[in-house]
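The sequence and model are shown first.

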Amino acid sequence: MNNRIINHPILDKQPFTEPINFSFNGKLYTAYEGDTIASALLANHIRILRFHEQSGKARGIYCNIGHCFECRVRVNGQVNIRACLTKVEEGMIVESETQKAAPLDPKKTTFPKTYAEYLALGEEEQNE
Amino acid sequence: MNKYDVAIIGAGPAGLSAAITCRKQALKVVLIDEFPYAGGRLLGQLYEEGDGTWWNGIEEAENLKKEAEDLQVHIQLERSVHHIEQTKASSFIVHTNHGTVNASNVLIATGAAESPCPIPGWTLPGVMSIGAAQVMTNLHRVKVGDRGIIAGVNILSVAIARELQLAGIDIHSINLPNPQTTSKEDSHPKVVMEKLTHLAHLAPSSFIRMGSSLAKFQFIRDLAVQFYPRSGMPMWGMPIHLRKAIIQINGSDQVESVTLARIRPDGSLIAGSEEEVAVDFVCIAGGLYPLAELAATMGLPFQYVPELGGHIPLHNQAMETPIEGVYIAGNITGIENAKIAMKQGTVAGLSIAYRQHQDEAIEKARRTAIEDVEKTRAEASIQFDPQIEEGRKKVEAKFWALEG
């Protein structure tokens, strides 16, 4: 049984008729048309979206509108995607980030300080 | 190069209304929002008006979106704006996660975000902002849990608690957040009581309603806090506590319980009064603040106005900022309800159209629209802060002082 609110005393009935299949950490789940990754996972009773890069502690959604970045997951191989702002698509592969060995030790030590300095970088460096 | 007359950031009530207004004046409009649905904070709003009718924000959002689409506003969702730069007069480049957009005018209608209210344990999965629970429940139609508790007593938490209850979710109670880790504004019983009395006319409980007429006397408010019932004040069957705080959230890798403690009228904890309550989710309600980072990246001047919810970019009643071609509307100008945001959006739209067309008929319509904002404000059944008018005057005065 999932966590859906099908009938509501004021709002219209929402029958959830168009299933979408996606995976989270290798397991298959069903979402419905209109779901974000965050809502689809919560409907499937999944609250732990990732483990903190440094402490390894479990984290889930917090603000659900894109401000807090607590719900960041890996989507089709791309890191740091906000689960609350991203609609589920058929066949989407969603994965949790996990604790890193040295999260606060980036290879790069100097960063552009102004927008002009950023623009002066090559495209490759800008994307780093 | 494809250049728009106006780029609007934020597809909430203000942005949508402005887009509609601009299209009616034949401007070329792009409306950008990072959320997958247009509507902003309208999405999820569901409350009963004074006359017994229901305000359904999702329906309002759909109607506005449909009107905007029919008028061929270019709506771009799931697109985040992180910077706006001005290259010359009437030339703005909007930087997004999917390339740039060029426009002659920019309207920043980014709305509001929820203030954090840290309580030990608040990073556990199952702890979320009250607005998160609202969107999950009413928009996505997903239950955030079976039995929850709320930290933060304010207009938003009381309204959304009711919405969760309507969706069949059990709410244990509404309490203050830990006074040792949050601001006095949020956790001091007397300060919170002060604010609540201004909402009391909305309450179904006759006791609280009675409170609103008595509340003009300070000593009554003090007495009410002093003798606040230990079982809380029930509203729709949910107890509201002004003398209890959630001091800790417990669980190994998700929420399992909270620790409540009684507090004195001055906000200090009563040692030995702790009790543990089993819940599977916790909502944190720290109130709203204007979301103004984009205005800051553009170099717009700000004024801190607590009555309006935080740092406000300077602007006038026509929604103009000190940078020509840059406008703001909606909750970025101060925390108020969605109806006011829509009216402000119309004003901003007319200001932009007037700048483009220099047409006296538009200027006349704008004057009427400004009056309409004030009328809507005066009629609002929900006021987020009793001193909104004073706050707005402060911003307006600063704006004109700057303009000389």
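## Basis of the description

Axes are lines fitted to C-alpha atoms, for helices over the stretch in contact, and angles between N-to-C directions run from 0 to 180 degrees. Helices are DSSP runs (H or I, at least four residues) numbered from the N terminus.

The model is predicted: local features need pLDDT of at least 70, side-chain atom pairs count only at pLDDT 80 or more, and totals for chains, interfaces and linings use all residues. Residues are numbered from 1 along each chain as its sequence is written, chains are lettered from A in the order in which they are written, and side-chain values use heavy atoms, without hydrogens and water.

## Helices α1 and α2 of chain B

In chain B, helix α1 (residues 13-24) and helix α2 (residues 57-70) have axes that come within 9 Å and cross at roughly 25°. α1(B) and α2(B) are therefore roughly parallel to each other (angles under 35 degrees; over 145 counts as roughly antiparallel, 65 to 115 as roughly perpendicular and the rest as oblique). Their crossing is left-handed, a term for a near helix turned anticlockwise from the far one by less than a right angle, with right-handed used if clockwise.

Contact (heavy atoms within 4.5 Å) joins B:Pro13, B:Leu16, B:Ser17, B:Ile20 and B:Lys24 of α1(B) to B:Ala61, B:Leu64, B:Lys65, B:Glu67 and B:Ala68 of α2(B). These residues comprise six nonpolar, one polar and three charged. Here Ala, Val, Leu, Ile, Met, Phe, Trp, Tyr, Cys and Pro count as nonpolar, Asp, Glu, Lys and Arg as charged, and the others, Gly among them, as polar.

## Helix α10 of chain B and its partners

The axes of α1(B) and helix α10 (residues 338-357) of chain B come within 7 Å and cross at roughly 35°, and this crossing is right-handed. The contact of α1(B) with α10(B) has nine nonpolar, five polar and no charged residues. Among those on the α1(B) side are B:Ala14, B:Ala18 and B:Cys22, while α10(B) contributes residues including B:Gly345 and B:Gly349.

Helix α11 (residues 360-379) of chain B has an axis that comes within 9 Å of that of α10(B), crossing at roughly 165°. α10(B) and α11(B) are therefore roughly antiparallel to each other. The crossing of this pair is left-handed. The contact includes B:Lys339, B:Leu350 and B:Tyr354 of α10(B), together with B:Glu363, B:Ile370 and B:Val373, among others, of α11(B). By class, the residues divide into ten nonpolar, five polar and seven charged.

One cavity of 30 Å³ or more is found in the whole structure. The largest cavity holds about 80 Å³ of space. A cavity is a set of points, on a 1 Å grid over the protein atoms alone, where a 1.4 Å probe fits but cannot get out, and its lining residues have an atom within 4 Å of a point.

The lining includes A:Leu42, A:Ile46 and A:Arg47 from chain A, and B:Gly126, B:Met128 and B:Met136 from chain B. Seven nonpolar, two polar and one charged residue make up this lining.

Methods: Helix = DSSP H or I, 4+ residues; strand = E, 2+ residues; numbered from the N terminus. 1 Å grid on protein atoms, 1.4 Å probe; cavity = no way out; pocket = protein on both sides within 12 Å on 5 of 7 lines; lining within 4 Å. Points joined across faces, edges and corners; volume = space filled by probe spheres on them.
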